[in-house]
Amino acid sequence: MFLLHPPEVRELDTFSTMPDAFRRAQRSAWADANRGGTITDSFLEGPVLDEAGHLYVTDIPWGRIFRIDAQGAWSLVAEYDGEPNGMKFLRPGTLLITDYKNGLMQLDVASGTVTPFLERRNSERFKGVNDLIFDAEGNLYFTDQGQSGLHDPSGRLYRLRPNGQLDLLLHNVPSPNGVALSPDGRVLYLAVTRGNCVWRVPLLPDGSVAKVSQFFTSYGPSGPDGLAVDAQGHVLVANPGLGYVWVLNHRAEPVQVLRGVPGSSTTNLAFGGTQRTQLFVTDSTHGRILTTVLDTPGLPIHRGPAG
């Protein structure tokens, strides 16, 4: 990659760390399959903020949802038999969860009750859903990653319309992960983890996709994971294998690199704060939330059609 100007490097700070009381130094089925059997006391993803500024995160191996307040204090919202990953608000007080084990689930945050939303497609289980985003019209885009990769490029990208119609947009992705939309909602950015890249997916007026292309190419042992977009159209890419968050311009050139402490696994992103300029980053393998304040606010995150 040739760059006319080197990117600005900023360090990420620690916002909050999971208390020891919530850590489980035990073997789990998820870690056996996805972490080579490593004892994993937590694995945080799915950050999303409510209107009061509380940050919600998932803990995949133990089926838990946590709420973190503005002072960094943690509370357990729900624990259930699942492997929750990405989250967005379906409506105030209800989170929609991509659950690797169960499909799409919904959580009532007041009661902690988790119920099915969409478990199967045509009576067939999903491969393992991962992340999701709503557009301004209430369409839900979500990824079905499973164990796909360069050896098995069969990961999927779906759109669930407000009327319940489920469209399969892509079925040939080697590990589809994070999703984000451009400011005008006409382009979807798709993290392709095992391909170590980000795809650009044009969303056409007739509901189809065409001329899908590779937008950004990374490197290292684990490729792009979570994505976000700011108000100027910069694409932010969490890259866990490097411990970086890339901030890319419209040419996919890094203009900033947000760097975690050595060993960080920077997986997912969420903008918050009163001006939406505070970025929260999950450091999954250490049970930490990292943060920094950026110059440009993040795009507002849409809710479902009922929101």
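What volume does the second largest pocket have? In this predicted model, the second largest pocket has a volume of about 560 Å³. A pocket here is an open set of points on a 1 Å grid over the protein atoms alone, where a 1.4 Å probe fits and protein lies on both sides within 12 Å along at least five of seven lines. The volume is the space filled by probe spheres set on the points, which are joined across faces, edges and corners. Residues are numbered from 1 along each chain as its sequence is written, and side-chain values use heavy atoms, with hydrogens and water left out. Because the model is predicted, local features need pLDDT of at least 70 and side-chain atom pairs count only at pLDDT 80 or more, while totals for chains, interfaces and linings use all residues.

The lining of this pocket is made up of 28 residues, a lining residue being one with an atom within 4 Å of a point. Trp30, Asn34, Phe43, Glu45 and Arg194 lie nearest the pocket centre. Helix α1 (residues 29-34) gives the largest share of the lining, three residues; helices (H or I, at least four residues) and strands (E, at least two) are DSSP runs, numbered from the N terminus. By class, 18 lining residues are polar, six are nonpolar and four are charged. In this count Ala, Val, Leu, Ile, Met, Phe, Trp, Tyr, Cys and Pro are nonpolar, Asp, Glu, Lys and Arg are charged, and the others, Gly among them, are polar.

Turning to the strands, β3 (residues 44-49) has six of its six residues buried, so this strand is largely enclosed by the rest of the structure. Buried means under 20% relative accessible area, with a 1.4 Å probe and protein chains only. Strand β3 pairs with β4 (residues 55-59) in the antiparallel sense over four bridges, where pairing requires that DSSP finds at least two bridges between two strands. Leucine 49 stands opposite leucine 55 in β4. The two strands form a hairpin with five residues between them, and glycine 53 in the turn has a positive phi of about 90 degrees.

Strand β15 (residues 155-160) is likewise largely enclosed, because six of its six residues are buried. Both of its faces are covered, with Gly155, Leu157 and Arg159 buried on one side and Arg156, Tyr158 and Leu160 on the other. Five bridges join β15 to the antiparallel strand β14 (residues 140-144), and threonine 143 has leucine 157 as its bridge partner. Five bridges also link β15 to β16 (residues 166-173), again in the antiparallel sense, with leucine 168 as the partner of tyrosine 158. A hairpin is formed by β15 and β16, with five residues between them and a positive phi of about 95 degrees at glycine 164 in the turn.

Three bridges join β21 to the antiparallel strand β22 (residues 235-239), and valine 229 has valine 235 as its bridge partner.

Glycine 178 is found in strand β17 (residues 176-181) and is buried, with a relative accessible area of 0%. Beyond its neighbours within four places in sequence, glycine 178 is in contact (heavy atoms within 4.5 Å) with residues including Asn130, Tyr189 and Leu227.

Definitions and conventions
Buried means under 20% relative accessible area, exposed over 50%, partly exposed in between (1.4 Å probe, protein chains only).
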